[in-house]
Amino acid sequence: MGILEVKDVGKRFGGLQALGDVNLSVKENSVHAIIGPNGAGKSTLLNCLVGKLIPDTGSVMFDGQSVLGRTPYEINQMGISRVFQTPEIFGDLSVMENMMIPCFAKRDGSFRMHAIENMMSEKDIVEKAEAMLVDMNMADKRDMHAASMSRGDKRRLEIGMCLAQEPRLLLLDEPTAGMARADTNNTIDLLKQISDERDITIAIIEHDMHVVFSLAQRITVLAQGTPLVEDDPENIKGHPKVREAYLGESA
Amino acid sequence: MLGLNKKDTTLLIAVAVLTMFAPFFLNPFPSDSAMAQFNAGYPDLMQRFVIFGIFAIGFNILFGLTGYLSFGHAAFLGVGSYAAVWIFKLFTYNVVPAIILAVIVAAVFSVLMGYVSLRRSGIYFSILTLAFAQMMFALAYSVLSNPKFNLTNGETGLQVYPNDPQMFHPDSMQDFPHLFGLYMNSTYTMNVGPWAFDFNTGYYLCAVVLLAVFYLAIRIFRSPFGMMLRAIKSNQTRLNYTGLNPRPYTLAAFVISGAYAGLAGGLMAAMDPLAGAERMQWTASGEVVLMTILGGTGTLIGPVLGAGFIKYFENIFSKINDAVLHQWFAFLPDGLEDFVVFLIHPFVGKGWHLTLGILFMLVVIFLPGGLVEGGQRIGKWIKSRGKSKDTGPKTEPAELGE
């Protein structure tokens, strides 16, 4: 049994069958990549995992509990954090505040009314957020406006915010899309380091094969809403079905 | 001090000094001079400055922090006033129970309105609050005012009549709201040479309440709750995927700002014991939006400045009429005098809205941060003039919540 078990998940948008009978099992503490050509249903699948979409059929179990019918924040509180294709951070807040919010969410749950206390006097939160900034190599940017950072730094911050919640499963949606080569390599190194040092499972949707083969221990290939193959990276590279899906019939 | 950092303490002290010495600041001109009509230090207007300041501080906790633009906050102000006047009618002229009930009733109404309206965000939220407030206006204006069940006294407005029960009001006392015997309308006038300064009990009650709720607002701004509200304004998607539920946070902010409005309404009734439905009309809701934006949305002091600015215009500019203008420009040749008066005429007196509108547009276009940004720019300009010219440009740290 993996930490994430997707069984026969189907999703239809009007006449388009975006997902049809997707089965997926992500092993605990592994890095699992989901790849596939454009329109294969990768993002739809991800949205079904985090509560943004509700699949028409099938089940999604995380650590033995169903996530279906739960809202995104409830699923997040179960231990699934998500990194977006374009970094989603609190742009109007400082980097430090960005890091403190997930620390509060981890400690206090989805809502707590602490309207009179000074946030900087919450020693445990401040310490944890500062340690996380050091881990992410961003301690010097502590007081910066988050929106004024480079895209690579925003991505780093977003990943750091997700880690501050100590999730058991980290979902990444094309984390290197639109990045320069150097930033991409930095992100790969960061993710490698995270998966080595932490007790965490990573599921990654990615287009860039360089990223996929540098990170993944297991790969699922999705095409037209159904999984074609699930195998180890060495076997995926030369797989005829995969080549067909990516390059077309004639190749 | 009081759990605030140095900057916030300075701000609080500044506001305390301004409110406590307002009777002096607002009456800078001798009372028999031609400029005396620009004096704003009479009790009625000073009370209004402070009451609308409280209203705007509360509104800013919702709009400034979460970005949810409510167009229905005047409804809470009106509800607060009605609640206070009912206390006067039924029980006592003491303002303490009246103000407490005003806050509670407004908070209850804002739970209802907030629970429904916060299901949507952006323009839909604004329209929902507007619709709600208009419904409450209609209720107050006509529906709840009929011979069988007269809660609001409709067009006339709710007021205290001699045959009202007033159970705990001793006959020996005057028929006016008081704080344990201190009447709200009692004023001591201090004459210093040609100057006259008014010290009014009601004003000082309002000013002390303003200081208390301003302090509370600072605490909210600097709290984890305040940070969550700013996070909601910044990125709700990230908030949702960080395991936080925005709904109770926004509802709490809505109720707090509704309670502030109720407090303002209660104080208004305490200063003058009547409540009318026009207090709940949508123009009154729009006015607090203007105050907040004009002063500086999301800043601590901005709403208070905006409220003072608009109320000053409303009361002072509207009093300038053609006769006054002719007096001012009497030194000009006749034809020119008439022409200048003709040019200025539309902008003063009943046309003060025109001046306010132009000022509002100028502020929004050139100073998106409101009067507070204007002040900051002037401060920076003075500083940069003071420094030697060869120092390079310095990077400013991000301003947080200010």
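Residues are numbered from 1 along each chain as its sequence is written, and chains are lettered from A in the order in which they are written. Because the model is predicted, local features need pLDDT of at least 70 and side-chain atom pairs count only at pLDDT 80 or more, whereas totals for chains, interfaces and linings use all residues.

Chain A is divided into domain 1 (1–79 + 167–251) and domain 2 (92–165), with bounds that come from an automatic or database domain assignment. The C-alpha centres of the two domains are 27 Å apart. Contact between the domains of chain A involves 11 residues of domain 1 and 10 residues of domain 2; two residues are in contact if their C-beta atoms, placed from the backbone, lie within 7 Å. On the domain 1 side, helix 2 (72–78) and helix 6 (181–197) of chain A each supply at least two residues, and helix 6 of chain A gives the most, with five. Helices (H or I, at least four residues) and strands (E, at least two) are DSSP runs, numbered from the N terminus. By class, this side of domain 1 has seven nonpolar, three polar and one charged residues. Here Ala, Val, Leu, Ile, Met, Phe, Trp, Tyr, Cys and Pro count as nonpolar, Asp, Glu, Lys and Arg as charged, and the others, Gly among them, as polar.

Chain A also holds an open sheet of four strands in the order 2-1-4-5, with antiparallel pairing; strands pair if DSSP finds at least two bridges between them. Strand 2 (16–26) and strand 5 (65–66) of chain A are at the edges with a single partner strand each, so one side of each has no neighbour in the sheet. Strand 4 (residues 57–62) of chain A is joined to strand 5 of chain A by two bridges, and Phe62(A) stands opposite Gln65(A).

The interface between the chains comprises 33 residues of chain A in contact with 27 residues of chain B. Helix 2 and helix 3 (95–108) of chain A are the elements that give two or more residues to the chain A side, and helix 3 of chain A gives the most, with five. This side has 17 nonpolar, nine polar and seven charged residues.

The largest nonpolar core has 170 residues. Such a core is a set of buried Ala, Val, Leu, Ile, Met, Phe, Trp, Tyr and Cys residues joined through C-beta atoms within 7 Å. A residue is buried if 20 or more other C-beta atoms lie within 10 Å of its own, exposed if 12 or fewer, and partly exposed in between. Residues with the most contacts inside the core include Met99(A), Leu171(A) and Ala84(B). Helix 10 (residues 246–271) of chain B gives the most to this core, with 16 residues. Both domains of chain A also give residues to the core, so it lies between them.

Phe76(B) lies in helix 4 (residues 73–90) of chain B and counts as buried, with 37 C-beta neighbours inside 10 Å. Not counting residues up to four places away in sequence, Phe76(B) touches residues including Ala106(B), Phe109(B) and Gly262(B).
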